[in-house]
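Look at the sequence and the 3D structure below.

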Amino acid sequence: MKRHLTVLLALVAGLLATQAPAQAVSPPERTAGAPSAPQQVLSPTPYMGWNTYYALGGDPTDAEIRSTADFLVSSGLHKSGYEYVWIDGNWAAPTPRSEAGDLTPNPAQFPNGLKPLVDYIHSKGLKAGIYTDAGPYIPGKCGLGSHGYYQRDADQFAAWKFDAVKVDYLCGIAADLDPKTVYTEFAKALRNNASKRPMIFNLCNPVTSPDWGNYPEEQQSTHSWSYAPGIAQSWRTYTDVGFIGEIKYKDVLRNYDANARHPEVAGPGHFNDPDYLGPELGMSDEEFRTQMTLWSVAAAPLVIGSDVRKLSRTSLDILQDRDVLAINQDRAGVQAVRVGPAGTTETWVKRLANGDRAVVLLNRGDTPATLTTTARSVGLSGDRFTLKNAWTDRVTESAGTISAAVPAHGTALFRVSRATGKPGVPHVVAGLPQVTKVGGDAVQTGVAPVVAGGDQARVEVSVRNDSARPVLAPRVALAAPSGWTARPLGKAPKVLKPRSSVTLAFTVTLPATAAPGNGTLTATTSYEVPGKGRLSQETATALVVAPAPPDGDVVLSHHDWISATSGWMSPTVDRSVGGWTPISMLGQVHPTGVGVASPSAIRYYLGDRCTRLATTVGIDDAVRDVGPEGGTSTFQIVGDGKVLFDSGVLGRDDARQADVDVTGVRVLDLVVGDGGDGGYNDRANWAGLNATC
């Protein structure tokens with residue numbers, strides 16, 4: 001995945017210390033039909049709300065939407081700023097227009113029509129959004145389209161009193177229309193609606209993203225930035241972030257990176273849109289907190305895609321965190337840029353209206369890490385800085401270093417300002433417990449460790465003092481699950497000097513009967529601060545405890561895996577991904593194996609018990625029913641971090657057999673890549689998977 005931002009872009013765009021206010025940044029060109037005189041600024045900060053698509057899918061109903069509107073109010077989400085209730089696609093009747101030419105709601109879903117529903121939404125103090133498409137209605141290809149009826153539909157949406165319109169491009173691409181031309185025409189129709197009603201315009205062109213095939217540049221979603229800021233309040237910058245009922249962490253990162261390509265065009269009233277928020281649709285709490293962090297510093301619209309009525313208290317708290325929302329809603333409307341190189345760990349910074357910086361330390365990797373940047377790097381000068389952790393509310397003072405212990409797939413988010421007055425609490429970073437050895441084997445950097453019953457592991461906890469003042473008597477206590485033992489190695493120092501760190505180690509021993517699953521190691525780090533007393537922080541890391549290794553001659557796909565991912569949907573045992581058809585390559589059906597979509601990784605615990613693995617890899621014959629695009633993948637078998645087999649790039653007319661020596665391997669990874677052309681149509685198979693153990 002390419003990431004196009006550099007520090008130079010940040011400086012050129014003027015998004016750090018000395019840049020002009022965001023509202024002074026002009027769109028790249030004045031688009032025909034855009035207003036030439038000052039207009040009311042709709043959505044001066046990113047709009048917030050809820051959308052039906054990912055949660056309710058293809059048939060949202062009046063009752064479901066009313067119930068959700070009620071919950072937005074009763075839960076406090078509306079008070080936090082989530083005010084738009086947005087009806088997405090599939091609201092129209094099977095024949096979407098009446099004989100008179102008016103759009104018609106599906107009477108089975110909306111028996112009283114849309115106007116009473118919009119009135120109900122407004123009665124709750126909320127606003128209402130609706131969906132259409134810029135292309136013509138084409139039966140069998142898209143559900144409804146407004147092409148040829150732009151003014152009529154804009155007038156109708158305004159008469160129904162909608163406050164926002166999302167305009168898709170499914171029908172548009174099916175009709176091979178030019179997106180800039182048709183979106184400009186639709187924007188003009190919205191502005192000139194007969195009711196003179198202000199309506200937000202969300203330009204949505206996701207299906208022409210590179211993931212979906214080779215489209216001309218001017219038709220791609222990645223081109224929308226060049227014209228959308230002059231006509232819309234927001235524009236989608238890439239493909240959908242997920243599927244109905246499913247949003248994955250890897251796709252959140254993909255969409256964030258695409259969204260970050262042109263921060264210079266974002267500002268009050270016009271924002272890059274990476275798609276919706278997906279709590280509890282396939283991400284862990286930590287991963288969703290990362291999405292919320294990234295969307296907030298990106299000045300992105302915050303639209304919830306999940307069924308809010310079913311969310312946990314944890315998810316609701318993440319959505320409603322005041323400090324995080326304040327960063328998103330900052331009146332300058334500046335979008336964050338990356339400082340330093342792209343990689344597994346990154347730093348992103350957003351200039352705030354009062355001169356503060358919102359700083360993100362992002363850990364894309366699979367293991368915890370302590371990440372560091374400096375105040376100077378994010379555009380601040382001086383020798384004392386106040387750091388407020390937006391998620392924990394902890395306020396500390398640093399001499400210039402900004403660091404945090406960041407979990408795998410996690411972020412730290414700080415609001416950083418120049419410190420004044422009396423010295424504050426020193427910024428001490430208590431590290432997350434990190435496994436560095438299992439038995440006598442070092443754990444590869446960036447690779448999630450795996451332990452099993454009877455194992456002995458070395459665990460380290462680092463402690464940093466980033467302040468200008470010493471802290472005294474640092475101590476770390478490590479707690480492990482019942483039946484495990486944690487024994488300290490060595491002694492802690494009496495003083496942790498300014499701008500210094502120490503690493504404390506432990507030996508952790510698992511009982512032979514340790515149950516597979518997750519075991520949590522919790523470190524309590526404490527230290528004395530003169531005048532403040534003894535302070536403490538608690539950090540925790542979840543360890544994977546492996547299932548029992550295979551025994552005898554086994555089909556590995558029938559054995560419990562440690563973890564398994566698929567580019568879309570889920571890895572499917574003994575079937576092509578999705579489960580609709582058997583595993584088949586070049587006309588030959590294979591009764592056993594695993595079907596996945598790229599990119600994918602499946603991890604098994606062999607425990608040094610196996611000697612051989614035989615498999616056939618390739619692209620499933622199901623791709624032949626889809627189209628000629630895509631359908632290329634790479635396959636690797638990796639044992640304890642060492643590549644044992646590499647297929648190279650395979651297409652739909654290739655299949656390759658592998659017979660691999662796995663003697664001595666503890667942890668086996670089956671890895672599928674996208675072949676360098678994106679994941680479109682990549683239905684990849686691991687057939688057979690016969691192991692000798």
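The points that follow are grouped by topic.

This is a predicted model, in which local features need pLDDT of at least 70, side-chain atom pairs count only at pLDDT 80 or more, and totals for chains, interfaces and linings use all residues. Residues are numbered from 1 along each chain as its sequence is written, and side-chain values use heavy atoms, with hydrogens and water left out. Helices (H or I, at least four residues) and strands (E, at least two) are DSSP runs, numbered from the N terminus.

**Helices α6 and α8**

- Two packed helices are described by the angle between their axes and the distance between the axes.
- Helix α6 (residues 150-159) and helix α8 (residues 179-191) have axes that come within 8 Å and cross at roughly 40 degrees.
- That makes α6 oblique to α8; angles under 35 degrees count as roughly parallel, over 145 as roughly antiparallel, 65 to 115 as roughly perpendicular and the rest as oblique.
- Axes here are lines fitted to C-alpha atoms, for helices over the stretch in contact, and angles run from 0 to 180 degrees between N-to-C directions.
- On the α6 side, the contact (heavy atoms within 4.5 Å) is made by Tyr-150, Gln-151, Ala-154 and Phe-157. On the α8 side, Val-182, Glu-185, Phe-186, Ala-189 and Leu-190 take part.
- Seven residues of this contact are nonpolar, one is polar and one is charged. Ala, Val, Leu, Ile, Met, Phe, Trp, Tyr, Cys and Pro count as nonpolar, Asp, Glu, Lys and Arg as charged, and the others, Gly among them, as polar.
- Buried residues in α6 are Tyr-150, Asp-153, Ala-154, Gln-156, Phe-157 and Ala-158. Buried means under 20% relative accessible area, exposed over 50%, and partly exposed in between (1.4 Å probe, protein chains only).
- These buried residues pack against β3 (92-97), β4 (103-105), β5 (127-133), β6 (164-168) and α8.

**Helices α3 and α5**

- Helix α3 (residues 62-74) and helix α5 (residues 115-123) pack at about 10 degrees, with axes 10 Å apart.
- The two helices α3 and α5 are therefore roughly parallel to each other.
- Asp-62, Ile-65, Arg-66 and Asp-70 of α3 meet Pro-116, Leu-117, Tyr-120 and Ile-121 of α5.
- This contact of α3 with α5 has five nonpolar residues, no polar ones and three charged ones.

**Aromatic rings**

- The whole structure has 16 aromatic pairs. Rings of Phe, Tyr and Trp (its six-membered ring) pair if their centres lie within 6.5 Å; planes under 30 degrees apart count as stacked, over 60 as edge-to-face and the rest as tilted.
- Tyr-47 and Trp-86 form a tilted pair, 5.7 Å centre to centre and with 45 degrees between the planes.
- Tyr-47 is in the loop between α1 (7-13) and β1 (48-51), and Trp-86 is in strand β2 (residues 84-86), 39 residues apart.
- Tyr-47 is buried, with a relative accessible area of 4%, and Trp-86 is buried, with 2%.
- The ring centres of Tyr-256 and Trp-348 are 4.9 Å apart and their planes are at 70 degrees, so this pair is edge-to-face.
- Tyr-256 is in helix α9 (residues 249-259) and Trp-348 in strand β14 (residues 345-351), so the pair ties together parts 92 residues apart in sequence.
- Both Tyr-256 and Trp-348 are buried.
- One aromatic cluster is formed by Tyr-150, Tyr-169, Tyr-183, Phe-186 and Phe-201.

**Asp-356**

- Asp-356 is in the loop between β14 and β15 (357-363).
- Asp-356 is buried, with a relative accessible area of 14%.
- Leaving aside neighbours within four places in sequence, Asp-356 is in contact with Lys-350, Arg-351, Arg-415, Val-416 and Ser-417.
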